[in-house]
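Reader: Hi! I'm new to this one, could you walk me through it?

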Amino acid sequence: MLAEMRIQGLGVIEDALLELHPGLTVVTGETGAGKTMVVTGLHLLSGGRSEASKVRAGAAKATVEGRFEGIDASGDRAPTIVTDAGADMDEDGSVIALRSVGADGRSRAHLGGRSVPVGVLGDLAEQLIAVHGQNDQLKLLRAAQQRAVLDRFAGDPVTTPLAEYRRIRREWLDVITELEERSSRSRELAQQADMLRHGLAEIESVAPEPGEDTELTEQVKRLSAVDELREAASAASAAVSGATDGEPDVPGALGLLAEARRRLSAADDTVLRDLEPRLAEAATLLSDVGAELTGYLDGLEADPARLEQILARQSDLKKLTRKYAADVDGVLAWADDARERLAGLDTSDEALGELAARRDELAGQLAAHAEAVSTARRAAAADLASRITTELAGLAMGQAEVELVVGAKTADEADPHALTVAGQRVHAGTDGVDEVELVLKAHSGAQPMPVHKAASGGELSRVMLAIEVVLAHADPVQTLVFDEVDAGVGGRAAVEIGKRLATLARTHQVLVVTHLPQVAAFADRHLVVDKGTAEGITRSGVTVLDPGHRVDELARMLAGLDDSEAGRAHAEELIATADTYKSDPAPRGAGTPGSTSRAGAKAAGAKGAAAKGAGAKGAGAKAAGSDTTARRKASPAASSGGKKTSGKSATEKKSGARDRT
């Protein structure tokens, strides 16, 4: 989980520390105070796109630093990403990630004290954080996004056959393209094939050997300079072995060595005698050289006919190198490539027939995989629709029904990617042959309609939240972030949203940016973004609210006035209701997302491991929240006490230093 996050120089936030609860953390504040910068900071920490415009005016850079706990309990992928990046985890299994954006737009990322590519933070965040914002509502209205949601929920039953479908589809399209090209460009391809055949015939008639041109060049040099070579070799042989006529006055090196050996072996001094074996070795080496020189001279003959033959061969090879490559090896490589190209330029009826047969074979395989994907999607669609409907019942939409309609996209006559599946001509797209549409029946008397037509603004927010709650349990990530997904909702529905998020927080760490007091009342930790102006400069900070100031903030959100007695009474009632709901081990009035979770047990284990160190503080905060009303009645000063200011940064926590925001 994300234990804490520090933001510096980002937008209106000069320096703020967010200490996040393992359960539900709520962020509130006046409009324009900088709540959005909290989500922006999370996007940056998750490897999102950086913008220089987000850097605070006058600041050299914006920095977001986060400390993730329980990395070891978050699955195999996250620890692997950390270790592969060369990053260091602390002894408690936590790791610190940092992202900075300069005023010039340049971005840098660090993980565990190591500089890493921004993509590494993105890969890690995919395993740990899921951010659901207002833009996701618009995205989920698109047909492609609705299909992606269904596939994400379905998991392996869809992704496995879909991966095989995509592999076969790529090969199918390649064969179709090749067949069309050969058929439509038969004359042009035939001309290219003739040129290639001519070149291959010319090369094969010469039949060059690898490296032959280099070898012939050496032979020409030797045959052209046979007299000079004989003179040099003869002189060298005489120097080594002596004159061929046995002239005693010209003994050669071997004769001199023999004399030296004789004299040393006859000496009385052992030092001199010990040198004789070394001379023997030298004599052996000279003998070998002399023999090779003799053999060279024996084979060195002037052969004008051979020289003429070699020159003619060189001429033939040069004709090839002028046309096809710089040397013989290049010519041979061109020939190999030409043979491969020629195989693809065959426009004969037999070749076209083979391609057509391969196309039809792949089409059959593709149709089978497409049908498997569609079957899995339809099964998952029924399950997902049922779960979303159940969630909506807990969001004051008890009569609403959701259906995910999975249908094939019909292909027209001109569709180049048409495929016949189960006797129907459909479009074979990258993601299969299916179209997915989210249909909503808002109440028992309503007609089922696409969700963007059937739902009001508030209903659309609740539908999207229900989808996100269900999908949260289809994802193994531990930290879920919701950015004002409750927009357009109020009254009883707002309370139900708070209940859903509180229930979700039993198995996940949840961070919510909200403007609804009914949602904020369910917080395990309440953070508020304050904006102030000093010396003409606007600054925002983040503080942790104590029980008294939490009532003040909820009263402000309810009535617009934090000193309204009616607002304070309503705020206290909201908090008491929320605490009662959260203290119930099996709360009613909202479903239990954890019961439908595919990763619930794993997520709960990760949350328990991550929250271990914060257990005392979390329990204390919860107790403080549950008996807020009683303590306030007992002590009026409790409601006028100061706010609890956010404390240590990720890097300062271990040293005991404490910052005030």
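Author: Happy to; what follows goes from the whole chain to some details. This is a predicted model, where local features need pLDDT of at least 70 and side-chain atom pairs count only at pLDDT 80 or more, while totals for chains, interfaces and linings use all residues. Residues are numbered from 1 along each chain as its sequence is written, and side-chain values use heavy atoms, with hydrogens and water left out.

Reader: Thanks! How many helices and strands are there in the chain?

Author: The chain has 23 helices and 18 strands. Helices (H or I, at least four residues) and strands (E, at least two) are DSSP runs, numbered from the N terminus.

Reader: And how much of the chain counts as buried?

Author: Of its 661 residues, 46% count as buried. Buried means under 20% relative accessible area, exposed means over 50%, and partly exposed is in between (1.4 Å probe, protein chains only).

Reader: What about contacts between residues 24 or more positions apart?

Author: Such pairs make up 73% of the contacts in the chain with a separation of 6 or more. A contact means heavy atoms within 4.5 Å.

Reader: Let's zoom in. Why is helix α1 described as largely enclosed?

Author: Helix α1 spans residues 35-45, and nine of its eleven residues are buried, so the rest of the structure largely encloses it. Among the buried ones are Met37, Val38, Leu42 and Leu45. After α1 comes Gly47, with a positive phi near 85 degrees.

Reader: Which residues other than glycine have a positive phi?

Author: Ala207 is one of them, with phi near 55 degrees. Ala207 sits in the loop between α7 (186-206) and α8 (212-224) and, at 40% relative accessibility, counts as partly exposed. Ala422 also has a positive phi, near 55 degrees. Ala422 is in the loop between β10 (418-421) and β11, and it counts as exposed because its relative accessibility is 68%. As background, most residues other than glycine have a negative phi.

Reader: Got it. How do helices α2 and α3 pack?

Author: Helix α2 (residues 77-84) and helix α3 (residues 118-128) pack at an angle of about 160 degrees, and their axes are 9 Å apart. Axes here are lines fitted to C-alpha atoms, for helices over the stretch in contact, and angles run from 0 to 180 degrees between N-to-C directions.

Reader: So are α2 and α3 roughly parallel or roughly antiparallel?

Author: They are roughly antiparallel. Angles under 35 degrees count as roughly parallel, over 145 as roughly antiparallel, 65 to 115 as roughly perpendicular and the rest as oblique.

Reader: Which residues meet there?

Author: On the α2 side, Arg77, Ala78, Ile81 and Val82 take part, and they meet Val120, Asp123, Leu124, Gln127 and Leu128 of α3.

Reader: New topic: how many salt bridges does a search of the whole structure find?

Author: The search finds 28. A salt bridge is a side-chain nitrogen of Lys or Arg within 4 Å of a carboxyl oxygen of Asp or Glu. One of them joins the side chains of Asp431 and Arg166, at 2.4 Å from N to O. Asp431 is in the loop between β11 (424-427) and β12 (434-441) and Arg166 is in helix α6 (residues 156-184), so this pair ties together parts 265 residues apart in sequence. Asp431 is partly exposed at 25% relative accessibility, and Arg166 is partly exposed at 30%.

Reader: What about Arg262 and Glu259?

Author: Arg262 and Glu259 form a salt bridge too, with the closest N and O atoms 2.4 Å apart. They are three residues apart in helix α10 (residues 252-265), so about one helical turn separates them.

Reader: Last one: how many aromatic pairs does the structure hold?

Author: Two. Rings of Phe, Tyr and Trp (its six-membered ring) pair if their centres lie within 6.5 Å, and planes under 30 degrees apart count as stacked, over 60 as edge-to-face and the rest as tilted. Tyr324 and Trp334 make a tilted pair, 4.6 Å centre to centre with 40 degrees between the planes. Tyr324 is in the loop between α12 (304-323) and α13 (328-343), and Trp334, ten residues apart from it, is in helix α13. Phe522 and Tyr581 make an edge-to-face pair, 5.9 Å centre to centre with 85 degrees between the planes. Both Phe522 and Tyr581 are buried.
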